[in-house]
Amino acid sequence: MKIVSIFNQKGGVGKTTTNINLASYIALKGHKVLVIDIDPQGNTSSGLGVEKDQQENTTYELLLSDTKIGDVIQKVEKVDNLSIVPSNMDLAGADLELSYMEHRESILKNKIQGLEEEFDFIIIDCPPSLGLLTINALTASDTVLIPMQCEYYALEGISQLIKTVQKVKKGLNRNLEIEGVVLTMFDPRRNLQLQVAEELKSYFGELVYENSIPRNIRLAEAPSFGIPIALYDAKAKGAEAYSDLADEFLRKNLGR
């Protein structure tokens, strides 16, 4: 089982869209996947058809009570092999509550132990901030997948993002590595985007995925129906891009 956090401290880079669709395509390609939504906005949860405000047990209960992981996991009805630990706004104050707890950085890591026989991949949707929720995700993870928009401010945030990963690696999770960088909302017709893409490839090298994600209105529409793009419009450019990204992800991890 491999645990991957999808993280970028900058918001609006396609983090949740990547979580929903990458996880869905990996599951549809025959692998058992658990998504953990650790973002208080709960957009991954609603994007996968979960009525997030009607849940008895969510990531909040998992992190801040004696609730066991098995009591929080639920199957995503419309996607075979995909399960989720949902989130909602109850999690908004969790950073403060966690700060008073012992071993607060590793609660999630401890909670998900024992799932090795049930899932091939766990994919965690992090909030766009560096609080205890994100630190819990990074401490529990093997790798970090970074969605990145090809704009000027993306370059400004690279060093801070890398410092964050290095701090967690040094102090809490020495095995943490960067899974890769996914270029999102990418338009090769724009010179600035091409220049930023080259800068990112120069900085990250082979960690930049070959398959990028284009701007696509169908990707933006799908979450309002509570389904991934694979079920909303499998022929859309965004669907094909995420399917190809999932193939590349699986090749990198499984060698096929």
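This is a predicted model: local features need pLDDT of at least 70, side-chain atom pairs count only at pLDDT 80 or more; totals for chains, interfaces and linings use all residues.
Helix α1 and helix α11 cross in a right-handed sense.

**How α1 meets α11**
- Helix α1 covers residues 15-28 and helix α11 covers residues 237-254; their axes come within 9 Å and cross at roughly 65°.
- Because angles of 65 to 115 degrees count as roughly perpendicular, α1 is roughly perpendicular to α11.
- On the α1 side, the contact is made by Thr 17, Thr 18, Asn 21, Leu 22, Tyr 25 and Ile 26.
- Facing them from α11 are Ala 239, Tyr 242, Ser 243, Leu 245, Ala 246, Phe 249 and Leu 250.
- Sorted by class, this contact holds nine nonpolar and four polar residues, with no charged ones.

**A closer look at α1**
- Most of α1 is covered, with twelve of its 14 residues buried.
- Among the buried residues are Thr 18, Asn 21, Leu 22, Tyr 25 and Ile 26, which also take part in the contact with α11.
- Lys 15 is buried as well, as are Thr 16, Asn 19 and Ile 20.
- After the helix comes Gly 30, with a positive phi near 105°.

**Helix α6**
- Helix α6 spans residues 132-140, and nine of its nine residues are buried, so the rest of the structure largely encloses this helix.
- Its buried residues include Leu 132, Leu 133, Ile 135 and Leu 138, along with Thr 134, Asn 136 and Thr 139.

Terms used
Residues are numbered from 1 along each chain as its sequence is written. Side-chain values use heavy atoms; hydrogens and water are left out. Axes are lines fitted to C-alpha atoms, for helices over the stretch in contact, and angles run from 0 to 180 degrees between N-to-C directions. Helices (H or I, at least four residues) and strands (E, at least two) are DSSP runs, numbered from the N terminus. Angles under 35 degrees count as roughly parallel, over 145 as roughly antiparallel, 65 to 115 as roughly perpendicular and the rest as oblique. A crossing is left-handed if the near helix is turned anticlockwise from the far one by less than a right angle, and right-handed if clockwise. Contact means heavy atoms within 4.5 Å. Ala, Val, Leu, Ile, Met, Phe, Trp, Tyr, Cys and Pro count as nonpolar, Asp, Glu, Lys and Arg as charged, and the others, Gly among them, as polar. Buried means under 20% relative accessible area, exposed over 50%, partly exposed in between (1.4 Å probe, protein chains only).
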